[in-house]
Each structure stands twice: as C-alpha cells, then as structure tokens.
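Please look over the sequence and the structure below before reading on. The paragraphs that follow go through the fold part by part.

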Amino acid sequence: MKVVLLALSGDAARARERLVQLYPDATIETTSRAEFETGSLLKRLSLLRARKPDILAIATERLAWQRGQHLFMLFGALAGAREVLVVDSHGDLVRRTRGELLTHTPTNLGHEVFSGATDFAESRRELRRLEKEIKGMSVRAHQRARGSESTRVVHLRATPGPGTQAGGAASHIKGVVEALRALGAQLEIISNDAIAGIDADERFTVIPPETIGGTRALFD
C-alpha cells in the first residue's frame, strides 16, 4: 500500500507520524505544496496519478480552516486513490472513500456555493445596519468613553485562517494585546480561533467556524 502525503501547511512531520499509526504497513511518500501547485490542473492530476497512490493524505494546520477541502479530496479520488483523508496538526481528521467522494462531492460543492452566496448577502445587510448604528451614536457617549478611568477595548479577530501558528498575524495580535493590557485597558478578545502565544481566559471568547471546507470567497 502506498500513501502519498500532500503537505499544505502545519507540521508535516507530525502528520507523517499520524499516518504511520493509521497505516503501519504502508509506504509513505511526501509531495510539497510547491510541487503540487506547479503547472496546469491536468498536469497536476497527471503527476499525482503517476505516483499511483492507494491513499492520498492532505496535511493542514487546522481542519476547520482548510478551504477547498471537497475539491482537494475529489482531486485525490480522480487521481486514483481509493481513500482520501485530511489531517491537521491538532489531531482532527476527516476520511472519505473514493466512492463517497465521487457520489457526494457535487452536492457538497453546490451547498458551498449556496451557503457562500447566502452568507455574503447577510454580511452586507449586517454591515449596513452596523454603519447606521455607528452614525446614530451620540457625542456624549464618546465623551463618557474618553473620560472614563479605564478604557474598555474589544479586540475582534476576523482573519479567515488559523491562529494557532506562531508568527505573522498571530504574533502581531499578541503584541497588540500585550500593549493594550500594559496600558491598563480592560480588554476582551473575540476570536474565530485560538491564537498562538495568548492564554485563553474568561475574557477570551472563541467562536469557531463551521467546518464545510468552503472557498476563500465564502469567508470574504
């Protein structure tokens, strides 16, 4: 049995260890994201088929934030893999057979398109409502906020991606949070994921995304 591991993000070594546990008698080959993204779609499919995978494993940082899951898994099925799985650096996993993917993926993709259009329309409505409420705020409310002894700050993380990888946006948010706390602000954090380097406390609320494998447009 041959397992081909496509490392999109996250800890590829940890993903490989998980695959050894799942398929102890298998041969595991690794292909990088750069290799996979080279050339046209047909060329990529041809290169993957040439590896003759029995199983295609896709490694990512966070399963809930991996966009295009259905398309990636369908790609593996079309490349001849009898089973495709997506595994992340935090122990989550989704696994589908080739038959399941060929049967259900078109329906799942249609659901994503419909959900994306619905979410986008609702977001536009809520944004207009928020803009109206902000315009209607009184000047006295601003004055009371400025005159208070301790400023209350709500930090909203809406980045459409995982926050558990150190560096980049996570480090930037950590620096802002620490600076606000050092200034004595009463800080509350509302986030769509845990953030690397920030300890969750009673003022840290996580509202995770729904795992449907949506495209970037859906998150936008």
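**A walk through the chain**

Helix α4 is followed by G80, whose phi is positive, near 105°. Helices and strands here are DSSP runs, numbered from the N terminus, with at least four residues of type H or I for a helix and at least two of type E for a strand. The model is predicted, so local features need pLDDT of at least 70 and side-chain atom pairs count only at pLDDT 80 or more, while totals for chains, interfaces and linings use all residues. Residues are numbered from 1 along each chain as its sequence is written, and side-chain values use heavy atoms, with hydrogens and water left out.

Helix α4 covers residues 69–78, and seven of its 10 residues are buried. Buried means under 20% relative accessible area, exposed means over 50%, and partly exposed lies in between, with a 1.4 Å probe and protein chains only. The buried residues of α4 are Q69, F72, M73, L74, F75, G76 and A77. Positive phi also occurs at K52, a residue other than glycine, with a value near 50°. K52 lies in the loop between α3 (41–50) and β3 (55–60), and at 66% relative accessibility K52 counts as exposed.

Next, the chain as a whole. Its secondary structure comes to eight helices and eight strands. Of its 220 residues, 32% count as buried. The accessible surface is about 13,400 Å², and 54% of that belongs to carbon and sulfur atoms. Accessible areas come from the Shrake-Rupley method with a 1.4 Å probe, and for residues only the protein chains shown count as cover. Among contacts with a separation of 6 or more, 69% are between residues 24 or more positions apart. Contact means heavy atoms within 4.5 Å.

Which residues does S89 touch, leaving aside its neighbours within four places in sequence? They are G10, D11, R14, T60 and E61. S89 is found in the loop between β4 (83–88) and β5 (93–97), and at 8% relative accessibility it counts as buried.

N192 sits in another loop, the one between β7 and β8 (204–206). N192 is buried, with a relative accessible area of 12%. Neighbours within four places in sequence aside, N192 is in contact with W65, R157, A158, T159, V206, I207, P208 and P209. N192 and T205 are 13 residues apart in sequence, and their C-alpha atoms are 8.4 Å apart in space.

Charged side chains come next. How many salt bridges does a search of the whole structure find? It finds eight. A salt bridge is a side-chain nitrogen of Lys or Arg within 4 Å of a carboxyl oxygen of Asp or Glu.

One of them joins K2 to E29, with the closest N and O atoms 3.3 Å apart. K2 lies in strand β1 (residues 2–7) and E29 in strand β2 (residues 27–32), so this pair ties together parts that are 27 residues apart in sequence. Both ends are partly exposed: K2 has a relative accessible area of 22%, and E29 is at 26%.

Another salt bridge runs between E188 and R152, whose closest N and O atoms are 3.0 Å apart. This pair links distant parts of the chain, with E188 in strand β7 (residues 186–191) and R152 in strand β6 (residues 152–157), 36 residues apart. E188 counts as partly exposed at 24% relative accessibility, whereas R152 counts as exposed at 54%. Elsewhere, salt bridges that share partners join K2, E29 and R51 into one network.

R129 and E133 also form a salt bridge, with the closest N and O atoms 2.8 Å apart. Both residues lie in helix α5, four residues apart, about one turn of the helix. R129 is partly exposed at 43%, and E133 is partly exposed at 45%.

On the surface, R124, R125, R128 and K132 gather in a patch of positive charge. Patches are made of residues with over 30% relative accessible area and no salt bridge; like charges are joined within 9 Å, and nonpolar side chains (Val, Leu, Ile, Met, Phe, Trp, Tyr) within 5 Å. Lys and Arg count as positive and Asp and Glu as negative, while His and the chain ends are not counted. The place of a charge is taken as NZ of Lys, CZ of Arg, CG of Asp or CD of Glu. K132 is found in helix α5 (residues 98–135), and K132 is exposed, with a relative accessible area of 64%.
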